[in-house]
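Student: I have just opened this structure and would like to talk it through. Could we begin at one end of the chain?

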Amino acid sequence: MLPSLKVGPYTVLALADGAGPFFSPRSEAFPDATDEQWAAADRFDPGALDADGRWWLRFRAFAILGERGVTLVDAGIGPADSPAAAWAPVPGVLPDSLAAAGIDPSDVDTVVLTHLHTDHVGWAVVGTDAARPYFPNAEYLLQRAELDAINPLLRSRLVDPLRKTDQLRLLDGGTALRGGERVLATPGHTPGHQSVLVTSGRERLAVTGDLLVHAIQLLHPALAYAHEMDPERARASRERLLRTGDADTLHLATPHLTEPFVTSR
């Protein structure tokens, strides 16, 4: 049974793609964190630390099932030859997770790429000699600011194939999706980072992308992460998301924490 959370008419499924250590010590990733802050984070998410003291990440995507279609948020680490192979535990198992959810790649009508780091786009386009979108009927959504900052490798491996099939749609800020969800611009981690908000009444769920990579950022949102391109903008985006609107309940769907769903309030 896949981890899931129901918000009104929506069912949000956590789709595992892999798990493995981060490529550098967590103390380098969060150089300003205190011993007390680490202790609190470890109590909150003990699974983020392995037996050797390494930061242990989960790599996952999320499927949002609604009355008007299937939205996938992010595309994991990808197959063995994906751009994430240099550091992530490829091959990922996202195809198996989709199958377990009863979702065929052709069922997905929208793919929201929160940003263009390699562990979030791995299954978006597959194949090297004959690259093709893995989700043949989906519109792929990306912030224009993210595309403007893309590296050449991902332009040829990801963007060019999506443009060839006319499946790439560029966004400029917040946008309502046809399934009823909403994309939020949450820049800072990268220039065009975006998150997805699902709302039903006074209950909300935010698929955070890398706005939250570790529990320490949930407990201390102002704490800078070394791999944020603009730490100050990332802090502002994180704090804004955590106080989003007048919802009585805010759930967070996170790609890298041990538990995929966390209730903030």
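Student: Leaving aside neighbours within four places in sequence, which residues is serine 4 in contact with?

Tutor: Serine 4 is in contact with Thr11, Val12, Leu13 and Phe261, where contact means heavy atoms within 4.5 Å. Please note that this is a predicted model, in which local features need pLDDT of at least 70, side-chain atom pairs count only at pLDDT 80 or more, and totals for chains, interfaces and linings use all residues. Residues are numbered from 1 along each chain as its sequence is written, and side-chain values use heavy atoms, with hydrogens and water left out.

Student: Where does serine 4 sit?

Tutor: Serine 4 is in strand β1 (residues 4-7); helices (H or I, at least four residues) and strands (E, at least two) are DSSP runs, numbered from the N terminus. Its relative accessible area of 41% makes serine 4 partly exposed, since buried means under 20%, exposed over 50% and partly exposed in between (1.4 Å probe, protein chains only).

Student: Which strands pair with β8?

Tutor: Strand β5 (residues 110-112) pairs with β8 in the parallel sense over three bridges, and strand β9 (residues 168-171) is joined to β8 by four bridges, also running parallel. Two strands pair if DSSP finds at least two bridges between them. Tyrosine 140 has leucine 168 in β9 as its bridge partner.

Student: Changing topic, how many salt bridges are there?

Tutor: The count comes to nine, a salt bridge being a side-chain nitrogen of Lys or Arg within 4 Å of a carboxyl oxygen of Asp or Glu. One of them joins arginine 238 and glutamate 228 (3.0 Å, N to O).

Student: Is arginine 238 buried or exposed?

Tutor: Arginine 238 is buried, with a relative accessible area of 1%. Glutamate 228 also counts as buried, at 5% relative accessibility.
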